[in-house]
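Let's walk through this fold together, from its sheets down to a few side chains. Have your viewer ready and follow along.

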Amino acid sequence: MKPDARFSRIDVFPITGALGADVKGVDLSTGPDEATLAELRRALDTYHVIAIRDQTLTPQAYQRVAARFGAFSANPVHASMPGLDHIIHFVREPDDTGKVIGEDWHMDLAWLPRPPGITMLYGEVVPPVGGDTCFASLAMAYRALSPRLRELLHGQTAVHSGKGVFAINAMQSRLALRTDAANAEETEVVHPLVCVHPVTGERYLFVSSVMRSLMGLSEDESRPLIQYLLALATRPEFQCRIRWTAGTLTMWDNPCVLHTAINDYPGHRRVTYRTTIEGW
């Protein structure tokens, strides 16, 4: 496959027709210039998910790189690494069983008043096969709505709740949580159902796994529509799949996509580092 000719400082290879691109030809550890960073950001705005391959980043270098994309977003659940206020360490050992963190379709921290705009995940140790991450385009989901349903959803808002978030994360014995992480259970926020990307002007559905109800409707009344929208958003033709290799840094437009971690690597170790950048 040929790279996207609209980019001159990096090589950008689209993954599917819906979203996602592999990026090569840049070394983030050397502190790339602003023009190169601008192309990376433009690739992210264009494809919503980019996997920057062949990187060698210490956690300290990773935090420095991330800071160049914007201010860090708050994380009220996960404890940061010692000495690195904004880096979360995820480890899955060969003998670990049960669900992996992020195994269900979700948007990161959708229950916050201002969810992260960018999530960044760096793979230090990855299984020889498996452990992929799938993404689904909420912009493609919006485009697939019938004109009448679009009309009904414009101007509507929905309640997103942190209830259950603490319990899900507390099940991960190797995941360090903040001492006040249980406060997430009490959090509820209201977000519009249809949003506009601030750079591209593209409309997208703001739906998530923690969306509980539409404003003015009960949870029971809202559930059929929420289930329909989530099923629509995760149709195969709206997805891409990132296959990890050691040294891959994946970035995604968090409000514009749903994602899920694939739990298919029993007996193998996986070590990743995550951080988030403020939303719009």
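**The seven-stranded sheet**

Strands S5 and S15 are joined by 7 bridges and run antiparallel; in this pairing, Ile118 finds its bridge partner in Ile277 of S15. Strands and helices here are DSSP runs numbered from the N terminus, with at least two residues (E) for a strand and at least four (H or I) for a helix, and two strands pair if DSSP finds at least two bridges between them.

Before going further, please keep in mind that this is a predicted model: local features need pLDDT of at least 70, side-chain atom pairs count only at pLDDT 80 or more, and totals for chains, interfaces and linings use all residues. Residues are numbered from 1 along each chain as its sequence is written, and side-chain values use heavy atoms, with hydrogens and water left out.

S5 and S15 belong to an open sheet of 7 strands, ordered S1-S2-S3-S13-S5-S15-S4, with mixed pairing. At its edges stand strand S1 (11-14) and strand S4 (88-92); each has a single partner strand, so one side of each is left without a neighbour in the sheet. On average, neighbouring strands are turned by 20° against each other, direction ignored. Such angles are taken between N-to-C directions on a scale from 0 to 180 degrees, using lines fitted to C-alpha atoms (for helices, over the stretch in contact).

Two helices meet this sheet. Helix H1 (residues 34-47) packs on the sheet and touches S1, S2, S3, S5 and S13, its direction making about 135° with that of S3; contact means heavy atoms within 4.5 Å. Helix H2 lies across S5, S13 and S15 and runs at about 30° to S15. Which residues of H2 are buried? Pro59, Ala61, Tyr62, Gln63, Val65 and Ala66 are, where buried means under 20% relative accessible area, exposed over 50% and partly exposed in between (1.4 Å probe, protein chains only). The buried residues of H2 pack against S5, S13 and S15.

Now look at the aromatic rings. The whole structure holds 2 aromatic pairs. In one of them, Tyr62 and Tyr122 have ring centres 5.9 Å apart and planes at 35°, so the pair is tilted. For rings of Phe, Tyr and Trp (its six-membered ring), a pair needs centres within 6.5 Å; planes under 30 degrees apart count as stacked, over 60 as edge-to-face and the rest as tilted. Tyr62 sits in H2 (residues 59-67) and Tyr122 in S5 (residues 118-125), so the pair ties together parts that are 60 residues apart in sequence. Both tyrosines are buried.

Next, turn to His259, which is found in strand S14 (residues 257-261). His259 is buried, with a relative accessible area of 6%.

S7 (residues 157-161) is joined to S8 by 5 bridges, and Ser161 has Glu188 of S8 as its bridge partner.
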